[in-house]
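Thanks for coming, everyone. I'll talk through helix packing, then an aromatic pair.

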Amino acid sequence: MSGAGDYQEMAASVPPSLKAITLTHVRYRPGDPLGLFLAWVSLVPVFISLGGFVSHFLFRRELQGICFATGLLVSQALNELIKHSVAQSRPAYCELLEACDSHGWPSSHSQYTFFFATYLSLLSLRRSRARRVIAAVPWPLAFLTMVSRVYLGYHTVAQVFAGAVVGLVFGAIWYWIVNTMLVDYFPMIEESAIGRWLYIKDTSHIPDVLKFEYDNARAARKKVATD
């Protein structure tokens, strides 16, 4: 009896409604393989943030990558500001998804992926026209993410298109800010005490970083072998 009493007391202390982290809280209809696939697609921003930028900082520490990640954070802050200003509700289906406690316009997932696709494409094409394949890779993921948010019921078509437009425009603006204004400060950041302590570097002036690092790695190995 004491166990049942303890349970009732604990249940009474639990708030009637709990808020989920919407970035990772994804629901789909049971038995719907397309819904399952699109649910995984809608987690692309999480994979990019944790798998991409965290590993990039740990192992690369390039100023372009750091500015790229900073731009995504600024974009998400802008998204929250617009959402709270417009205060447009999500579709009625959001009650089943437990997502009605947040606003829907513009879609943060669409904005994130279109910002990412825009910046990565501009950066890839700037370094080499031969990198058109790399520049094209993020766009199918961006469009699939946009489709997933409508299909799963989290957003209307207008909300995901608004997110895509904001992400695309702000991604281009942020790329211009970084590569016409902030890039002038890259050498100073590299040579600063914290830059040298964290091994932060800039390779934006190197046309083909992969070949540059490959050649230098081979040269270093040969030097070690001859010493």
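**Annotated spans and helix packing**

Start with the record. UniProt, in an unreviewed entry, lists residues 37–59, 133–152 and 158–178 as "transmembrane region". Its positions are given in the numbering used here, its feature names are shortened, and its annotations may be inferred rather than shown by experiment.

Now the ground rules. This is a predicted model, with residues numbered from 1 along each chain as its sequence is written. Local features need pLDDT of at least 70, side-chain atom pairs count only at pLDDT 80 or more, totals for chains, interfaces and linings use all residues, and side-chain values use heavy atoms, with hydrogens and water left out.

Back to two of those spans. Residues 133–152 are 90% helix and 0% strand, with end C-alpha atoms 30 Å apart. Residues 158–178 are 100% helix and 0% strand, and their end C-alpha atoms also lie 30 Å apart. Helices here are DSSP runs (H or I, at least four residues; strands are E, at least two), numbered from the N terminus.

First contact: helix 8, residues 138–151, against helix 9, residues 157–180. Their axes come within 8 Å and cross at roughly 150 degrees. Axes are lines fitted to C-alpha atoms, for helices over the stretch in contact, and angles run from 0 to 180 degrees between N-to-C directions. Helix 8 and helix 9 are therefore roughly antiparallel. The cut-offs: under 35 degrees is roughly parallel, over 145 roughly antiparallel, 65 to 115 roughly perpendicular, the rest oblique. The crossing is right-handed, meaning the near helix is turned clockwise from the far one by less than a right angle; anticlockwise is left-handed.

Who touches whom? W139, M146, R149 and V150 of helix 8 meet V157, V160, F161, A164 and L168 of helix 9. Contact means heavy atoms within 4.5 Å. By class, that is eight nonpolar, no polar and one charged. Nonpolar is Ala, Val, Leu, Ile, Met, Phe, Trp, Tyr, Cys and Pro; charged is Asp, Glu, Lys and Arg; the others, Gly among them, are polar.

Next, helix 2, residues 33–41, on helix 8. The angle is about 125 degrees, with axes 9 Å apart. That makes helix 2 oblique to helix 8. This crossing is left-handed. L34, G35, F37, L38 and V41 in helix 2 meet L144, T145, S148 and Y151 in helix 8. The tally is six nonpolar, three polar and no charged.

Third, helix 4 and helix 9. Their axes come within 10 Å and cross at roughly 140 degrees. So helix 4 is oblique to helix 9. The crossing is right-handed. Helix 4 contributes residues including Q64, C67 and I82; helix 9 contributes residues including F170 and W174. The classes run eight nonpolar, five polar and no charged.

Last, aromatics. How many pairs? Nine. Ring centres must lie within 6.5 Å; planes under 30 degrees apart are stacked, over 60 edge-to-face, the rest tilted; rings are those of Phe, Tyr and Trp (its six-membered ring). F68 and F116 have centres 5.4 Å apart and planes at 20 degrees, so they are stacked. F68 sits in helix 4 (residues 63–86) and F116 in helix 6 (residues 108–127), so the pair ties together parts 48 residues apart in sequence.
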